Amino acid sequence: MVMALLVLLGCQLIGEILHRAFSVPLPGPVIGMVLLTLLLLRNPSAVPESLAGGARLLLQNLGLFFVPAGVGIVANWDLIRQQWLPICTGLIGSTVLSLLATAFVIHCLAPRTPLAREQSASPKD
């Protein structure tokens with residue numbers, strides 16, 4: 001578990017260093033996650049076996065990471081009540097854009113098999 005956390009935090013630290021050193025327009029944790037993904041794709045045996053167990057433990061307790069966000073909502077309730085329209089507009093707009101972007105990427109990357117083309121061309125009875 002300690003090695004898993006060291007790998008995760010090490011990748012995040014490298015991401016933060018790259019973000020600050022080169023003014024990359026991505027947050028450091030995102031850069032670290034990309035680096036970890038590249039490391040796992042290139043050489044899966046380079047990462048300790050405990051990484052899967054550590055990741056599983058973090059995912060099982062993922063709900064705890066939302067507690068600070070909930071506290072922030074309660075602490076700023078007056079501001080949220082005053083600015084509810086822009087907040088809702090941003091949430092709904094970003095959700096719609098995310099869904100459209102995901103659908104577009106899936107449509108572009110979906111395999112085009114002869115059977116799929118044949119089924120999509122023939123009308124349903």
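A crossing is left-handed if the near helix is turned anticlockwise from the far one by less than a right angle, and right-handed if clockwise. I started with α1 and α2, and their crossing is right-handed.

Before going on, I noted that this is a predicted model, where local features need pLDDT of at least 70, side-chain atom pairs count only at pLDDT 80 or more, and totals for chains, interfaces and linings use all residues. Numbering runs from 1 along each chain as its sequence is written, and side-chain values use heavy atoms, with hydrogens and water left out.

**α1 and α2.** I looked up helix α1 at residues 2–22 and helix α2 at residues 28–42, which pack at about 125° with axes 7 Å apart. Helices here are DSSP runs (H or I, at least four residues), numbered from the N terminus. Axes are lines fitted to C-alpha atoms over the stretch in contact, and angles run from 0 to 180 degrees between N-to-C directions. The pair is therefore oblique; under 35 degrees is roughly parallel, over 145 roughly antiparallel, 65 to 115 roughly perpendicular and the rest oblique. For contacts (heavy atoms within 4.5 Å), I found residues including Val7, Leu8 and Cys11 in α1 meeting residues including Ile31, Leu35 and Leu36 in α2. The contact residues divide into 9 nonpolar, 5 polar and 1 charged.

**α1 and α3.** I checked these axes next: they come within 8 Å and cross at roughly 80°. This pair is therefore roughly perpendicular. Met3, Ala4, Leu5, Val7 and Leu8 in α1 meet Ser50, Leu51, Gly54 and Leu58 in α3.

**Pocket lining.** I then asked which helices supply the lining of the largest pocket. α1, α2 and α3 (50–60) each give at least two residues, and the largest share, 5 residues, comes from α1. The lining divides into 11 nonpolar, 2 polar and no charged residues.

Methods. Nonpolar A, V, L, I, M, F, W, Y, C, P; charged D, E, K, R; others polar.
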